[in-house]
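Here's a quick briefing on the side-chain links in this structure. Have a look at the model first, then we'll go through the pairs one topic at a time.

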Amino acid sequence: MDLRRCFPAVGVLLAACGSPPVEPGSSAPASDPVKILAFYPREVSIVEGGTTLLCYGVSNAKSVRIDPPVDGVSPALSRCVEIRPKGETKYTLTAEGSDQKAVSQSVTVRVGTDTAALPRISSFQIDGAKKDYAGRMVFSLSFADQNAEEVSIDPPVFPTLHGAPSGQFSVAPAKTTTYTLSAKGKNGHVAHKQLTVEVPAAK
């Protein structure tokens, strides 16, 4: 027997049972939230002028950035990018999802000084003195240094020297004078040493 012929309302009920009702104003399930899976430096401490890798991983990210800015950053489950910090630096990774929500995480990379590469002035001395044809005292000075890319002196006696591990020069100051020798090395490090040349008072 066809129940719909005897009870028409039953047919309406059976047709409605074919699929669950949809509530007005309902929407599709939200996408998974953005997550930072990993964020770390290969070395937490490096030597001045050196490089290391900054590694990260994100999921469900629409965009990714690192501050201070680092080249080659984009959404990835696992990626490493090269960094060359000049000093201790705090890096912050920010990942944003398609829902405009963002998450962040920070790490710090320390930068130490390579003491073996620092510039040094091992000697700065007077080697001798004699009078010239005009009766002025002329002093012979010499110096030796290590790890210096540039060598200069104040008051100026010679032009800036490049890559000079040692040198010798003469000065004839009119009065007692203190000379400052400077040796500049890598990463802006500078070593100084002073030498006072005493000129006897005229009789």
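Let's start with R136, which pairs up with D132 in a salt bridge whose closest N and O atoms sit 3.0 Å apart. Keep in mind that this is a predicted model. The structure holds three salt bridges, along with one disulfide.

**Salt bridges**

- Another of the salt bridges links D67 and R65, with 3.2 Å between the closest N and O atoms.
- Both partners here have some surface showing: D67 is partly exposed at 33% relative accessibility, and R65 is partly exposed as well, with a relative accessible area of 46%.
- E43 and R42 also meet through their side chains in a salt bridge, at 3.0 Å from N to O.
- For E43, the relative accessible area is 28%, so this residue counts as partly exposed.

**The disulfide**

- Which cysteines are joined by the disulfide? They are C55 and C80, with an S to S distance of 2.0 Å.
- This pair ties together distant parts of the chain, 25 residues apart: C55 belongs to strand β3 (residues 52-59), while C80 belongs to strand β5 (residues 79-83).
- If you care about the geometry, the link of C55 and C80 is right-handed, with 105 degrees about the S-S bond.
- Is C55 buried or exposed? C55 is buried, because its relative accessibility is 6% and the cut-off for buried is under 20%.
- C80 has 40% relative accessibility, so C80 counts as partly exposed.

**Around T94**

- T94 sits in strand β6, which covers residues 89-96.
- With a relative accessibility of 9%, T94 falls under the 20% cut-off and therefore counts as buried.
- What does the side chain of T94 pair with in a polar contact? The partner is the side chain of S104, at 3.0 Å.
- Leaving aside residues up to four places away in sequence, T94 touches S63, V64, R65, A102, V103 and S104.
- R65 ties two topics together: this arginine is among the residues that T94 touches, and R65 also forms the salt bridge with D67.

Note on methods:
Residues numbered from 1 in each chain as written. Predicted model: local features only at pLDDT ≥ 70, side-chain atom pairs only at ≥ 80, totals over all residues. Heavy atoms only, no water. Disulfide = S-S within 2.5 Å. Helix = DSSP H or I, 4+ residues; strand = E, 2+ residues; numbered from the N terminus. Buried < 20%, exposed > 50% of the residue type's maximum accessible area, 1.4 Å probe, protein only. Polar contact = N/O pair within 3.5 Å; in protein donor to acceptor, adjacent residues only side chain to side chain. Contact = heavy atoms within 4.5 Å. Salt bridge = Lys/Arg side-chain N within 4 Å of Asp/Glu carboxyl O.
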